[in-house]
Amino acid sequence: MIRYYHVGEEGGKAFSGLDEVTIPITQWLNFGVFAGVIVGVVYAIVEFLFEKLQLNKQATGIVILEKSLIYLAMLILSTNLVVSIIEVQIDRNLPNETGWWKENKVFWLVVGYFIICSLIFSFLKIAKDNFGRNVLFNQLIGKYKRPREERRVFMFLDLQGSTTIAEQLGHFKYSQLIQDCFYDLNSVLINYSAEVYQYVGDEAVLSWTFDKGVLNNNCVELFFKFQERLQKKEKPYIKKFGLLPKFKAGLHGGNLIVTEVGTIKKEIAYHGDVINTAARIQGECNTYNESLLISEELLQKLNLNKYKVQSLGNIPLKGKEEEVNLFSINKN
């Protein structure tokens, strides 16, 4: 398309009124690099602000439309700036009069290119948000078409007193509460290399590869960071829902099977004792009035000097023949 519009060494021309100017392809490359840096920086700022101001909570179509309008305005401003700078550098008369971009074919070629790239990027981002990090890529390469064994850490994270809270708030307000809680959870996940396996009602199932889960105590640090975030937002939660949500969690790790299941709706599924044990451990939190419990097997791989770790002894878990030695973890 650039050749079609005669941009380049062979007959390359830019139009400014009645003036006809030939511009070497190297100048257009300089123009592209400079414009690309400006556009890239502004694009990153827009994405950051939408996340920071929680504007992504709007309908996906609305978000894409708002971003598209911002990007169009950004392209017009940045192109005007770049053209002015390039014009001085090459000492040529380039199109920069007011509204020059409205009928400039090269400008709309750039806009079209940017829209296509932006839509592709948005699609990949939406796919990542819906499937989870790394899941889309693993499905594309068929990594889990056949069952394979992996070593992973699992956390079952559940809202404390969920039944009572649901009765107090009603189903609509309760759903809003869960939505806000998981939004705050998602904001801390990436800093601790965690992946969301499933959301089940008021429960989130988080997962790590074993090495990432034990690295810097990620699996434990995430829980307390999430608690800290909820506490920082105590006033907004109390104002909106009349309470501050608290969560309980169970941690366990080991070997299990990972495979892709389903045809109409595909997903990555984990099968094995590890995930069942993690769920049972979380279920014991109410029994011992603790917010975070962990198996001895996983605890041995962590270094929790700054936490208060207390043994609860060997606990019989539902569905398991052997008892599991559990520990509670609290801040000092």
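Predicted model: local features only at pLDDT ≥ 70, side-chain atom pairs only at ≥ 80, totals over all residues.
The protein chain contains eleven helices and ten strands. Of its 332 residues, 42% are buried. Among contacts with a separation of 6 or more, 66% are between residues 24 or more positions apart.

**Packing of H5 with H7**

- On the H5 side, the contact is made by Cys181, Asp184, Leu185, Ser187, Val188 and Leu189. On the H7 side, Leu222, Lys225, Phe226, Arg229 and Leu230 take part.
- Sorted by class, this contact of H5 with H7 has seven nonpolar residues, one polar residue and three charged residues.

**Packing of H5 with H8**

- H5 also packs against H8, at an angle of about 165 degrees and with the axes 11 Å apart.
- The angle is over 145 degrees, which makes H5 roughly antiparallel to H8.
- The crossing of H5 and H8 is right-handed.
- From H5, the residues Leu169, Lys173, Gln176, Leu177, Asp180, Cys181 and Asp184 meet Tyr237, Lys240 and Phe241 of H8.
- The residues in this contact of H5 with H8 comprise five nonpolar, one polar and four charged.
- Cys181 and Asp184 of H5 are listed in the contact with H7 and also in the contact with H8.

**Strand S3 and its partners**

- Strand S3 spans residues 148-159 and is mostly covered, with nine of its twelve residues buried.
- S3 runs antiparallel to strand S6 (residues 247-261), and twelve bridges join the two.
- Within that pairing of S3 and S6, arginine 148 stands opposite valine 258 of S6.
- S3 also pairs with strand S5 (residues 203-209), in the antiparallel sense and over seven bridges.
- Here arginine 152 is the residue opposite threonine 209 of S5.

**Strand S8 and its partners**

- Strand S8 consists of residues 292-295; Leu292 and Ile294 point one way, Leu293 and Ser295 point the other way, and all are buried.
- S8 pairs with S6 in the parallel sense over three bridges.
- Leucine 293 in S8 has glycine 250 opposite.
- S8 is joined to strand S10 (residues 324-331) by three bridges, and these two strands run antiparallel.
- Serine 328 in S10 is the bridge partner of leucine 293.

**Loop residues with positive phi**

- Serine 193 has a positive phi of about 60 degrees, although it is not a glycine.
- Serine 193 sits in the loop between H5 and strand S4 (195-200).
- The relative accessible area of serine 193 is 25%, so this residue is partly exposed.
- Asparagine 217 also has a positive phi, near 60 degrees, and is a residue other than glycine.
- The loop that holds asparagine 217 lies between helix H6 (210-214) and H7.
- Asparagine 217 has a relative accessible area of 12% and is therefore buried, the cut-off being under 20%.

**Leucine 244**

- Leucine 244 lies in the loop between helix H8 (234-241) and S6.
- Its relative accessibility is 22%, so leucine 244 counts as partly exposed.
- Leucine 244 and lysine 233 are eleven residues apart in sequence, and their C-alpha atoms are 8.4 Å apart in space.
- Not counting residues up to four places away in sequence, leucine 244 touches Leu230, Gln231, Glu234, Tyr237 and Ile238.
- One of these, Leu230, is also among the H7 residues in the contact with H5.
- Another, Tyr237, is among the H8 residues that meet H5.

Methods. Residues numbered from 1 in each chain as written. Heavy atoms only, no water. Contact = heavy atoms within 4.5 Å. Helix = DSSP H or I, 4+ residues; strand = E, 2+ residues; numbered from the N terminus. Nonpolar A, V, L, I, M, F, W, Y, C, P; charged D, E, K, R; others polar. Buried < 20%, exposed > 50% of the residue type's maximum accessible area, 1.4 Å probe, protein only. Pairing = 2+ DSSP bridges. Axes fitted to C-alpha atoms, helices over the stretch in contact; angles between N-to-C directions. Parallel < 35°, antiparallel > 145°, perpendicular 65-115°, else oblique. Left-handed = near helix turned anticlockwise from the far one by under 90°.
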